[in-house]
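Here is a short briefing on one protein chain. Please look over the sequence and the model first.

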Amino acid sequence: MPFRLFIVDDDPEYSALLQFQLRKLEDTDIQVFSRGEHAYDSLNREPDLILLDLVMPGQGGLETLRQLKINNPELTVIVISSQTVVGVALEALKLGAYDYITKGHDDTVKIRRLVEQFIERKKLSTEVELLREQLRVPHGIPGMIGESAGMGKVLRLIKKTLIGDLSVAVVGESGTGKELVAHSIHYNSPRRREPFILVNCAAIPRDLMESEFFGHEKGSFTGAHARKTGKFEQANRGTIFLDEVGELNLDLQAKLLRVLQNHEVQRVGSSETIRVDVRVICATNRDIPTLIEESKFREDLYYRLFQFPIQLPPLRERDQDALLLAKFFREDFLKRHQDVKPKAFSAATRQLILEYDWPGNVRQLKNAVERALLISDSEELIPEDLMLELTALNTSSKKTTNGLSSVEPSVDMALNAEPVDGVTLLPQHPEDICSLEDIKRTAVIQAYTVCEGNVDQTSIRLGITRSTVYRLLEKYKKEGHSF
Ligand SMILES: Nc1ncnc2c1ncn2[C@@H]1O[C@H](COP(=O)(O)OP(=O)(O)OP(=O)(O)O)[C@@H](O)[C@H]1O
Ligand SMILES: [Mg+2]
């Protein structure tokens with residue numbers, strides 16, 4: 001992150017002299033203001049240090065200092081003045097100034113030294129904070145279960161991402177925990193008290209994407225009734241999680257690249273640029289190199305986003321993790337639902353959990369365990385309670401396990417399943433008429449539920465794109481349907 005410095009002085013020559021003196025400081029972004037009010041109005045740019053002249057037209061230095069300190073008591077302000085009046089210096093220090101420099105012989109050199117020292121101290125305290133962070137995460141990441149070699153590697157990589165601001169790309173099949181990884185990185189990083197903003201790139205209608213990302217001004221297009229801040233601005237100082245990034249169209253890819261390069265966004269309909277300090281994490285289950293070959297994804301954006309790739313292994317390649325996860329989900333569910341009777345997994349169920357292929361990965365396992373606890377009629381959870389035959393899909397390759405999972409799934413099974421909450425069932429009598437919209441909604445919600453929330457499989461089974469599945473689900477959710 002660059003170090004941000006404001007120079008506030010009504011004398012342009014003196015400001016230029018200071019800028020000249022500070023030009024060699026590395027990674028420092030300097031902005032000059034001729035009046036205290038202007039600097040105050042620009043506090044959203046979040047300066048680390050302000051060099052403030054005392055005698056200025058308008059509200060003057062002391063008043064500006066008072067306001068700045070009320071707004072942000074932590075802000076460091078060095079006061080500069082041509083007056084050597086002790087009373088004024090004392091007043092400035094009382095108001096919270098970090099130091100007081102008198103203009104004259106060697107003043108700009110003294111200021112440069114002070115600024116250098118300050119930057120050094122700030123860097124040091126950031127490093128100390130980072131080391132503390134690392135110590136705070138001794139083993140594993142809270143809420144992330146897994147002891148397999150594959151997950152051990154993932155956890156080690158996650159810890160490495162906590163230092164620095166490299167863009168992280170989480171890659172893996174549907175339901176492997178990509179969103180959980182993004183959460184873990186943000187909430188264990190020094191940015192954890194700042195916003196974590198999720199953007200599902202597949203769920204936003206094409207024509208609203210730019211405004212969703214970067215915001216818009218009132219009246220900038222039909223329907224823009226009020227000014228809106230975009231997701232990047234909302235995520236300022238924090239993390240933005242671009243889920244399903246492989247679904248972004250080329251036009252938005254170009255705009256996203258510009259933001260990543262310049263750290264600035266422009267609202268639709270505005271010429272003003274707004275600085276943003278945002279860490280980017282993205283996720284995808286698409287093969288981005290193939291998309292690049294097909295000219296559907298920009299190579300330069302790929303290198304920007306994939307600075308730190310994390311590949312999540314599918315659950316079937318995680319040794320004993322499936323059982324660990326199943327136990328974790330059982331305990332977690334029971335804790336949240338005290339009225340559900342606690343039950344252990346039978347030996348056959350444990351074996352099935354370990355041998356099954358889990359095409360829907362961790363999400364499918366979680367759903368299966370929670371459902372089993374709800375429907376079980378026996379003393380312990382038996383293999384049938386997991387209902388893997390009913391919810392299995394043609395596209396998944398399953399191992400045969402103690403004679404249970406070899407049942408081929410059929411559409412009949414899915415249709416004979418219990419009706420899903422909020423879904424209008426198709427008419428039972430030939431003379432009844434059902435709207436196409438109802439049929440579509442029924443088909444989508446039913447498929448999504450049968451596919452255990454796996455959007456990939458839902459889209460394959462329905463023969464529509466992933467983004468259409470996302471869009472329709474969002475719409476039905478807004479209409480009040482739960483699934
Ligand atoms: N290692 C893990 N430990 C505990 N829970 C996990 C783990 N991995 C995933 N989960 C849980 O599994 C569910 C699915 O995870 P998540 O939504 O992160 O997957 P995803 O890869 O983003 O899926 P999709 O590709 O469908 O968007 C969530 O409820 C998540 O909390
Ligand atoms: Mg996800």
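In which kind of crossing, left-handed or right-handed, does H13 pass H14? The crossing is right-handed. Keep in mind that this model is predicted. The points below start with the whole chain, then take up a sheet and the helix pair.

**Whole chain**
- The chain holds 20 helices and 14 strands.
- Of its 483 residues, 30% are buried.
- Among contacts with a separation of 6 or more, 70% link residues 24 or more positions apart.

**Five-stranded sheet**
- Five strands form an open sheet in the order E2-E1-E3-E4-E5, and their pairing is parallel.
- Strands E2 (28-33) and E5 (99-102) are the edges, each pairing on one side only.
- From one strand to the next, the twist averages 20 degrees.
- E1 (residues 3-8) and E3 (residues 49-53) run parallel and are joined by four bridges.
- Phe 6 stands opposite Ile 50 of E3.
- Helix H3 (residues 60-71) lies across E1, E3 and E4 (76-81), and runs at about 155 degrees to E3.

**Helices H13 and H14**
- H13 (residues 321-336) packs with H14 (residues 347-355) at an angle of about 125 degrees, and their axes are 8 Å apart.
- H13 is therefore oblique to H14.
- H13 contributes Ala 322, Leu 323 and Ala 326 to the contact.
- H14 contributes Arg 350, Ile 353 and Leu 354.
- The residues of this contact comprise five nonpolar, no polar and one charged.

Note on methods. Residues numbered from 1 in each chain as written. Chains lettered and ligands numbered in written order. Predicted model: local features only at pLDDT ≥ 70, side-chain atom pairs only at ≥ 80, totals over all residues. Helix = DSSP H or I, 4+ residues; strand = E, 2+ residues; numbered from the N terminus. Buried ≥ 20, exposed ≤ 12 C-beta atoms within 10 Å, placed from the backbone. Contact = placed C-beta atoms within 7 Å. Pairing = 2+ DSSP bridges. Axes fitted to C-alpha atoms, helices over the stretch in contact; angles between N-to-C directions. Parallel < 35°, antiparallel > 145°, perpendicular 65-115°, else oblique. Left-handed = near helix turned anticlockwise from the far one by under 90°. Nonpolar A, V, L, I, M, F, W, Y, C, P; charged D, E, K, R; others polar.
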